[in-house]
Amino acid sequence: MDLDNLKQITKLDKENMRDLLIAFPRQCEDALFIAEHTKVKNSYKRKYANILFAGLGGSAIGADVIKDCVAGESDTPIFVNRDYTLPGFVGENTLVFAVSYSGNTEETLSAYAEARRRGSKIAVITSGGKMKERAMKNNDLLVVIPKGYPPRSALGYSFIPAMVMLSKLGVIKNKRGDIKSAIELLSAMQYKKLGPHVAEKANIAKAVARKAFKRFSVVYSSNACSS
C-alpha cells in the first residue's frame, strides 16, 4: 500500500481515525480548558491515604499515564482498578476517580457504587450516561467531556482533566506549563514528522507501520500495565 496516497487511506479508514489523530493536539487544548474551568469544592481539598482510578479500556489508559508521570512526585499512592469490585484498602480516606467515557461502563458503575458505600470521596470524568446522572445527583466532583469519540481516541480527555484535578487538590504541583509544552511538541511533530501529509521517507509513524505490517508485535515495558 502507498502510505502517501491520502485518498486510498481515506477509503480504508472507515472510522475516520486519521482525522481524530490529527485533531489530538486540539483535543488536549480543549481538555485543559475544561479542566481549568471545573470548580473543585473545598471539601475535596484534604490529605488522602491513597487515590484510585476506576475505569476500563480506553478510559483507564489516561490513569496509567498519570500513575507513571507522577510516581516520583506524589507521596500519595495511586492505583488503577479495572474491575467490578474495589481493593480492600479503599475507604473514607480514599479519593476515587470514576472514569467512563460513555458513562455506562458497567464495571465502573459498579466500582462507583461500592466507593459510595465505603464513604470514599469520588470524582467523575465522563461524557454523560448513568455516570453523569449519578455524579450530579450525589453532588460529586464532575468533569464533563465531549461526546462522539471512540474511547481509545479520547486520551486527552481522560488524562488531562484528571491531572489538573490532582494539581487543584494539591496532590501534585501545577502541570499547566508541562501540558502546554507537550501540546506544542505534539503539534510540531505532527507537522514535521508524523502527519499524513509527511512523506513516508521522512515520517516516523509510517515507517513504524511499514515495519509492523503483517508482523506480531511484542511490547516490553518497565511497568506492568494491563491497558
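Me: What makes L194, I204 and V208 a nonpolar patch on the surface?
Reply: In this predicted model, L194, I204 and V208 together have about 240 Å² of accessible area. Such a patch requires residues with over 30% relative accessible area and no salt bridge, with nonpolar side chains joined within 5 Å. V208 belongs to helix 9 (residues 204-212).

Me: How many aromatic pairs does the structure hold, and why is the pair of F53 and F97 called stacked?
Reply: There are three aromatic pairs. The ring centres of F53 and F97 are 4.6 Å apart and their planes stand at 10 degrees, so the pair is stacked; the limit for that term is under 30 degrees. Because F53 lies in strand 1 (residues 50-54) and F97 in strand 3 (residues 94-100), the pair ties together parts that are 44 residues apart in sequence.

Me: Why does F53 count as buried, and what of F97?
Reply: Buried means under 20% relative accessible area. F53 has 2% relative accessibility and therefore counts as buried; F97, at 0%, counts as buried.

Me: Why is the pair of Y149 and Y157 called edge-to-face?
Reply: Their ring centres are 5.5 Å apart and their planes at 70 degrees, so the pair is edge-to-face, a term that applies over 60 degrees. Y149, at 23% relative accessibility, counts as partly exposed, whereas Y157, at 2%, counts as buried.

Me: How do you know that the charged end of K121 sits over the ring of Y44?
Reply: The charged end of K121 is 4.6 Å from the centre of the Y44 ring. The criterion asks for a distance within 6 Å and a position within 35 degrees of the ring normal; K121 is accordingly described as sitting over the ring of Y44.

Notes:
Residues numbered from 1 in each chain as written. Predicted model: local features only at pLDDT ≥ 70, side-chain atom pairs only at ≥ 80, totals over all residues. Heavy atoms only, no water. Patch = residues over 30% accessible without salt bridge, like charges linked within 9 Å, V, L, I, M, F, W, Y side chains within 5 Å. Areas by Shrake-Rupley, 256 points an atom, 1.4 Å probe, with all protein chains shown as cover. Salt bridge = Lys/Arg side-chain N within 4 Å of Asp/Glu carboxyl O. Helix = DSSP H or I, 4+ residues; strand = E, 2+ residues; numbered from the N terminus. Phe/Tyr/Trp six-rings, centres within 6.5 Å; stacked < 30°, edge-to-face > 60°. Buried < 20%, exposed > 50% of the residue type's maximum accessible area, 1.4 Å probe, protein only.
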